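Subject: Structure for your review

Dear colleague,

Please find below the structure that I am handing over to you, together with its sequence. An account of the side-chain contacts follows it.

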Amino acid sequence: MTARRATGLFLVTAFVLGAWAAAHAQAQATKQFEPTVGQAGKDVVWVPTPQALVEKMLDLAKVTPQDFLMDLGSGDGRTVITAAKRGLSAQGVEYNPDMVELSKRNAAAAGVTGKANFVKADLFETDFSKAQVVTMFLLPSINMRLRPQILKMRPGTRIVSNTFTMEDWQPDTSETIGGDCTSWCTAHLWIVPAQVQGSWQVGQNALTLTQKFQMIEGTLGSTPISGGRLRGDEISFSVDKTKYTGKVNGNSISGTMSGGGSGSWSATKK
């Protein structure tokens, strides 16, 4: 083989290989993103929530079409899409732009683009205060970073987590699904409590309350209260044999008594 033929063959081969490489690269570029379990993210790796648990989380929060739901770290969008199928307006917050685009495609395929939307954002820089329901599948350390912001939300806001807790803030309710679920099978619900710690005036008596999340202790006059608890803006406690229930509205509480005493009662923050 002459040097000229060898050079020509080399150039043809290089051209063919170059064309193949370019075509392969273009095909890879146009191929739709497909997530893999365990892929790295900004704060957590991606692991999908089992669909049965998504349903349980929404059931636990007692969602209605009047609710606005935000899913923090929305992944492939399944929680937002499931909520949208129930008639809610829902938004997913996801840092990975490929996952955001995947979620949009999934929402379109499910026919819920009018109810489900997704944003590429850092959840620590996101205002989710307008949501009535917040869902998440995040590590406990991240839950704890978010907890101060969550506790400032409107009383009654429902927070639902897949598996992971908020340490000493105990859930109001937890449920574990069975069936085919073998991992990530527990949902925890917290209801953001009203802030009631301090001194209140109830008729001629002082109601003094201390609060740890939804649990309350204190005294009415000189008598200790028992069974004190908040569920959003709903307060309940007992004094001797009288059960007090009421609704907190900023610096006032109004409600009814039953048991040892009956009638209405009200309190004003001092």
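Is Lys-56 buried, partly exposed or exposed? Lys-56 counts as partly exposed, because its relative accessibility is 22% and the buried class ends at under 20%. Please bear in mind throughout that this is a predicted model.

Salt bridges

By the rule applied here, the structure has 8 salt bridges. Another of them joins the side chains of Glu-55 and Arg-86, at 2.7 Å from N to O. This pair, too, links distant parts of the chain, with Glu-55 in helix α2 (residues 51-60) and Arg-86 in the loop between α3 (78-85) and β2 (89-94), 31 residues apart. Glu-55 is partly exposed, at 29% relative accessibility. Arg-86 is likewise partly exposed, with a relative accessible area of 29%.

A further salt bridge connects the side chains of Arg-78 and Asp-76, at 2.8 Å from N to O. Arg-78 counts as partly exposed, since its relative accessibility is 26%. Asp-76, by contrast, is buried, because its relative accessible area of 11% falls under the 20% limit. Elsewhere, salt bridges with shared partners bring Glu-55, Asp-59 and Arg-86 together in one network. As a general point, side chains of opposite charge can pair when their charged atoms come close.

The disulfide

The structure contains 1 disulfide. It is formed by Cys-181 and Cys-185, whose sulfur atoms lie 2.1 Å apart. The link between Cys-181 and Cys-185 is left-handed, with -100 degrees about the S-S bond. Cys-181 and Cys-185 are both buried.

Aromatic contacts

The count of aromatic pairs comes to 8. In one of them, the ring centres of Tyr-244 and Trp-265 are 5.3 Å apart and the ring planes stand at 85 degrees, so the arrangement is edge-to-face. The cut-off for that class is over 60 degrees. Tyr-244 lies in strand β14 (residues 242-249) and Trp-265 in strand β16 (residues 263-269); the pair, 21 residues apart, links distant parts of the chain. Tyr-244 is buried, at 10% relative accessibility. Trp-265 is buried as well, at 6% relative accessibility.

Charges over rings

Two contacts of this kind may interest you. Lys-120 is placed over the face of Tyr-95, 4.0 Å from the ring centre. Arg-145 has its charged end over the ring of Phe-124, at 3.7 Å from the centre of that ring.

- the disulfide of Cys-181 and Cys-185;
- the edge-to-face pair of Tyr-244 and Trp-265.

Yours sincerely

Notes. Residues numbered from 1 in each chain as written. Predicted model: local features only at pLDDT ≥ 70, side-chain atom pairs only at ≥ 80, totals over all residues. Heavy atoms only, no water. Disulfide = S-S within 2.5 Å. Buried < 20%, exposed > 50% of the residue type's maximum accessible area, 1.4 Å probe, protein only. Salt bridge = Lys/Arg side-chain N within 4 Å of Asp/Glu carboxyl O. Helix = DSSP H or I, 4+ residues; strand = E, 2+ residues; numbered from the N terminus. Phe/Tyr/Trp six-rings, centres within 6.5 Å; stacked < 30°, edge-to-face > 60°. Lys NZ or Arg CZ within 6 Å of the ring centre and 35° of its normal.
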